[in-house]
Amino acid sequence: MNARTCQSCSTDISPLIDSFGRKVTYLRLSITDRCNLRCRYCMPEDGVNVLDHKSILSYEEMERLSRIFVSLGVNKIRITGGEPFVRKGCLEFMERLKEQSPGLSLHLTTNGVAVGPYLQGLKELGIKGINLSLDTLDAERFKEITRRDKLEKVLAVFHEILRLELPLKVNAVVQEDTGDDELLRMAQLVKDYPVAMRFIELMPFSGAEEHHVIEMSQTLESRLFKLFPGLTELSSKHVETARKFSLPGYAGTLGIIEGESRKFCATCNKLRVTSSGMMKNCLYDQGALNLRDLLRATPDDSEVAGEIRKAVSKKLKNGMEAAKLNGNSSEDSMASIGG
Ligand code: SAM
Ligand code: SF4
């Protein structure tokens, strides 16, 4: 594609498009690798080796980065972590992002444990949606999975998000021992409330074993069709990571996120930036550009934008190729990548 340049300053203002013609408009920004839960598929019991203060991007650096990405055509940013609200000043940071780019669609992925006091503020800043991670409605199992006793808090947040009428998606990772009874119970939430429940394929990141992952991703869809007669797939005009289904008489929708099967790569519009400022074109690559070092080395935003363009042009066709290139190793924690 030919570059479009600004007539007054000759900056390249063409949209970010990779070599397969996919337009990049969505950034997932992990603002911390720290977390107040220890989900067994995400982190070891004693946590990951957390990065020191200087190794992670400062809020000022992330604000600058966000301005640069917006100038490149990014119109949606998801704040994630670790747990975003474990980092002090998260709400104020999100308010500043919105102030500097009023048209930006801001989203949040959270485990719900610490976000309660900030929900009203998130509504006031105009958050476009919250993804709440919740794998079970059983307190004992919640403790087993997350190694913390916090289900009550998360459920209170679930109800408060609905009371505030904020768009809510629930992410539930389907694990080796997630029984049909669990899937049915989780789906009951969808019957009663207007939420999008998404069952996520387990991915082999710190803790999840590869052979279980492959077996499970092959059976999730057929399991849901068996459990929920009348399940009908909905088509979407938008690029979506989840396949969505409706069920007669249900207030919300069910969905599957087939991340491990990598079924949505052909329409991928995403980039990720980890808490240490590594830009990833794909969940499965080892990093395409060290933005932290670049931001610290140059005050020139157009230079940073140019490097982002170059890195995006190297985005591979799909996650299988990205994983192959990095030796199929997935040593990274989802907590530093942001999911
Ligand atoms: N702490 C926040 C939370 O849990 O919502 C945000 C970060 S977390 C890394 C983002 C998402 O990644 C969560 O929905 C979590 O369930 C998902 N995740 C983490 N490890 C995973 C794995 N091994 N397979 C599939 N999903 C995973
Ligand atoms: Fe923390 Fe989210 Fe990872 Fe669970 S999935 S340990 S809540 S970062």
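Let's start at Val-50, which sits in the loop between β1 (26-30) and α1 (59-71). Helices (H or I, at least four residues) and strands (E, at least two) are DSSP runs here, numbered from the N terminus. A word on the source: this is a predicted model, where local features need pLDDT of at least 70, side-chain atom pairs count only at pLDDT 80 or more, and totals for chains, interfaces and linings use all residues. Residues are numbered from 1 along each chain as its sequence is written, chains are lettered from A and ligands numbered from 1 in the order in which they are written, and side-chain values use heavy atoms, with hydrogens and water left out.

Back to Val-50. Leaving out residues up to four places away in sequence, Val-50 touches Asp-33 and Arg-34. Contact means heavy atoms within 4.5 Å. Arg-34 is 16 residues from Val-50 along the chain, yet their C-alpha atoms are separated by 6.4 Å.

Now the whole chain. The protein chain has 11 helices and 12 strands. Of its 339 residues, 52% are buried. Take the contacts between residues at least 6 apart in sequence: 70% of them join residues at least 24 apart.

Next, the core. The largest nonpolar core holds 95 residues, and Ile-79, Met-94, Leu-122 and Ile-308 have the most contacts inside it. Helix α5 gives this core its largest share, 6 residues. By nonpolar core I mean a set of buried Ala, Val, Leu, Ile, Met, Phe, Trp, Tyr and Cys residues joined through side-chain atoms within 4.5 Å. Look at Ile-79: beyond four places in sequence, its contacts include Leu-29, Phe-93, Met-94 and Leu-108.

On to helix α4, residues 139-146. Its buried residues are Arg-141, Phe-142, Ile-145 and Thr-146. Down the axis of α4 they fall within an arc of 115°, so they line one face of the helix. That arc is taken from the directions from the helix axis to the C-beta atoms. Their cover includes α5 (151-163) and α6 (180-192). At the N-terminal end, Asp-138 caps α4, with a side-chain oxygen 3.1 Å from the backbone nitrogen of Glu-140.

After α4 comes Arg-147, with a positive phi near 60°. Arg-147 lies in the loop between α4 and α5 and is partly exposed, at 26% relative accessible area. Glu-165 also has a positive phi of about 60°, although it is not a glycine. Glu-165 is in the loop between α5 and β5 (168-174), and it is exposed at 67%.

Last, the ligands. Which residues come nearest to ligand 1? Of the 19 around it, they are Tyr-41, Gly-82, Thr-110, Ser-133 and Met-203. Around a ligand means a heavy atom within 4 Å. A nitrogen atom of ligand 1 is 2.8 Å from a polar backbone atom of Met-203. A backbone N or O atom of Tyr-41 lies 3.0 Å from a ligand 1 nitrogen. Ligand 2 is surrounded by Cys-35, Leu-37, Cys-39, Cys-42, Gly-82, Asn-111 and Ala-335.

Definitions and conventions:
Buried < 20%, exposed > 50% of the residue type's maximum accessible area, 1.4 Å probe, protein only. Polar contact = N/O pair within 3.5 Å; in protein donor to acceptor, adjacent residues only side chain to side chain.
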